[in-house]
Amino acid sequence: MRVFKSVWQRYAPTSEIAWLLEQFRQMLNDCIRIGLAEDVTSLKSLSLTAYRQLSGYDVASYYKFCAISAATGILRNYRKAKRKNPHVREPYARRPRLTTCYGFKVRNGELSLPIRAREHLRIPLNQHVQATINGFAVRSVTLTEDRLSLAHSNEVQQLRPRGFIGIDRNLDNVTTATSDGSVKRFDLSEATRTKTTYQKVRSHLKRNDVRIRREISGKYGQKQRDKVKQILHHASKLIVEEAKAKQYGITMEKLTGIRKLYRRGNWQGRWYRGRMNSWSYAELQRQIEYKARWEGLPVIYVHPHGTSSRCSICGERMKPEENRTLRCPSCGYAVDRDVNAARNILVAGTLRFGVVGLASEAMVAEPASVRQSAKSMRGS
Ligand SMILES: [Zn+2]
């Protein structure tokens with residue numbers, strides 16, 4: 001199984017790189033415009049229609065194919081969004097961003113990129129990037145105005161897990177429950193505070209000029225996202241380390257939009273929803289998933305229905321009590337609501353993976369609660 005990871009660094013863009021990025025941005029917008037005008041959806045038909053019209057660009061043909069391929073993805077997402085909301089804005093690339101899987105080379109601590117035929121530019125890679133990609137195949141390069149990122153791949157054997165870690169993400173923490181009965185909580189309140197401060201800053205921007213506003217919020221946004229990412233990296237690293245040590249798979253909730261998040265745990269007030277940021281939920285899952293897959297650990301997504309309200313012992317609907325506790329009217333079990341949710345996610349993932357898929361030791365190590373609720377879920 002081929003798995004991917006990426007690593008990034010800052011770089012000082014030369015005028016040549018800036019030129020290439022701008023050419024790419026314009027080609028991408030040309031392809032988007034052509035795709036919209038001609039109602040073209042597939043990569044093949046967009047290539048046939050758009051490639052000739054990019055002949056005016058004096059860049060290596062690799063980039064023309066990459067622009068067409070990137071435009072296809074953007075158009076596909078746009079059509080999907082438009083089906084849900086007919087008023088969604090037509091796509092247009094404002095920021096320069098180039099991704100290519102062809103033509104580049106990584107050699108002697110440098111990234112070499114073609115510009116035109118037989119013309120290359122070189123960007124030195126820092127120690128961290130060099131050490132990270134050492135021994136792996138670099139599959140693609142992404143450049144923005146001041147960052148470069150390299151996606152590299154590894155061939156791994158997927159592990160037969162001895163059990164699972166169920167992960168429940170909340171506004172202020174992430175809670176895990178494992179097949180061997182342990183429970184952990186990682187504090188993420190700093191990430192939430194970061195987001196809140198950022199939202200305040202943005203709402204206080206008084207300048208009316210849309211372009212200035214966009215740029216300011218863009219720069220702030222990047223900084224805040226970097227900070228939240230760092231906090232999440234800490235948690236995701238520890239979680240995957242535990243999974244690796246125990247040879248456990250990962251199970252998480254499938255999040256298909258912010259509205260699902262609103263609905264879960266409807267005892268939270270409005271202010272809570274306002275502060276909620278779907279981005280950081282998705283980011284944590286993304287980090288855990290790629291780190292786990294890199295180690296050959298299976299990752300399973302389960303439907304979030306009922307995970308926060310169902311009793312993880314008997315499957316009955318629970319009643320909220322004070323201090324984030326839930327009590328089950330049927331079996332009397334009282335538990336922290338995050339722990340209960342993590343256990344439900346664990347059970348759902350374990351069942352989804354299939355009992356036969358687990359190594360036999362997991363059956364012995366499974367706590368009674370998991371066995372019982374697995375039974376009650378099968379029965380219902
Ligand atoms: Zn119960």
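Predicted model: local features only at pLDDT ≥ 70, side-chain atom pairs only at ≥ 80, totals over all residues.

Trainee: Which side chain meets that of aspartate 180 in a salt bridge?

Mentor: The N to O distance in this salt bridge is 3.0 Å. A salt bridge requires a side-chain nitrogen of Lys or Arg within 4 Å of a carboxyl oxygen of Asp or Glu. The partner of aspartate 180 is lysine 246.

Trainee: How many residues apart are aspartate 180 and lysine 246?

Mentor: Aspartate 180 is in the loop between strand S9 (173–178) and strand S10 (183–187). Lysine 246 belongs to helix H6 (residues 210–246). The pair therefore links distant parts of the chain, and lysine 246, at 25% relative accessibility, is partly exposed.

Trainee: Is aspartate 338 buried or exposed?

Mentor: Aspartate 338 forms a salt bridge with arginine 324, with 2.7 Å between the closest N and O atoms. Aspartate 338 lies in helix H10 (residues 337–353), and arginine 324 in the loop between strand S13 (319–320) and strand S14 (325–327), 14 residues apart. Arginine 324 is partly exposed at 36%. The relative accessible area of aspartate 338 is 1%, so this residue is buried.

Trainee: What is the phi of arginine 324 near?

Mentor: Arginine 324 is placed in the loop between S13 and S14. Its phi is positive, although the residue is other than glycine. The value is near 60 degrees.

Trainee: Where is asparagine 108 found?

Mentor: Asparagine 108 also has a positive phi, of about 50 degrees, although it is not a glycine. At 74% relative accessibility it lies over the 50% cut-off, so it counts as exposed. Asparagine 108 is found in the loop between S3 and S4.

Trainee: Which strands hold glutamate 110 and arginine 122?

Mentor: Glutamate 110 and arginine 122 form a salt bridge, and their closest N and O atoms are 3.4 Å apart. The two residues lie in separate strands, so the pair ties together parts that are 12 residues apart in sequence. Glutamate 110 is partly exposed at 30%. The strands are S4 (residues 110–116) for glutamate 110 and S5 (residues 119–124) for arginine 122.

Trainee: How many salt bridges does the structure hold?

Mentor: The pairs discussed include glutamate 110 with arginine 122 and aspartate 180 with lysine 246. The count for the structure is 21.

Trainee: Which residues coordinate the zinc ion?

Mentor: Each donor is an SG atom, at 2.3 to 2.4 Å from the zinc ion. In sequence the donor residues follow the spacing C-x2-C-x13-C-x2-C. They are Cys311, Cys314, Cys328 and Cys331.

Trainee: What is the geometry of the zinc site?

Mentor: The angles among the four donor atoms are 101 to 118 degrees. Four donors count as tetrahedral if all angles lie between 85 and 135 degrees, so the site of the zinc ion is tetrahedral.

Trainee: How many disulfides are counted?

Mentor: A disulfide requires a pair of cysteine sulfur atoms within 2.5 Å. By this rule the count is zero.

Trainee: Which residues make the nonpolar surface patch?

Mentor: The patch covers about 380 Å². One of its residues, tyrosine 102, is partly exposed at 42% and sits in the loop between strand S2 (97–100) and strand S3 (105–107). The patch is made by Tyr51, Tyr62, Phe65 and Tyr102.

Note on methods. Residues numbered from 1 in each chain as written. Heavy atoms only, no water. Donors = N, O, S within 2.8 Å, 3.2 Å for Na, K, Ca; no water. Tetrahedral: all angles 85-135°; square planar, octahedral: opposite > 155°, others 65-115°. Patch = residues over 30% accessible without salt bridge, like charges linked within 9 Å, V, L, I, M, F, W, Y side chains within 5 Å. Areas by Shrake-Rupley, 256 points an atom, 1.4 Å probe, with all protein chains shown as cover. Helix = DSSP H or I, 4+ residues; strand = E, 2+ residues; numbered from the N terminus. Buried < 20%, exposed > 50% of the residue type's maximum accessible area, 1.4 Å probe, protein only.
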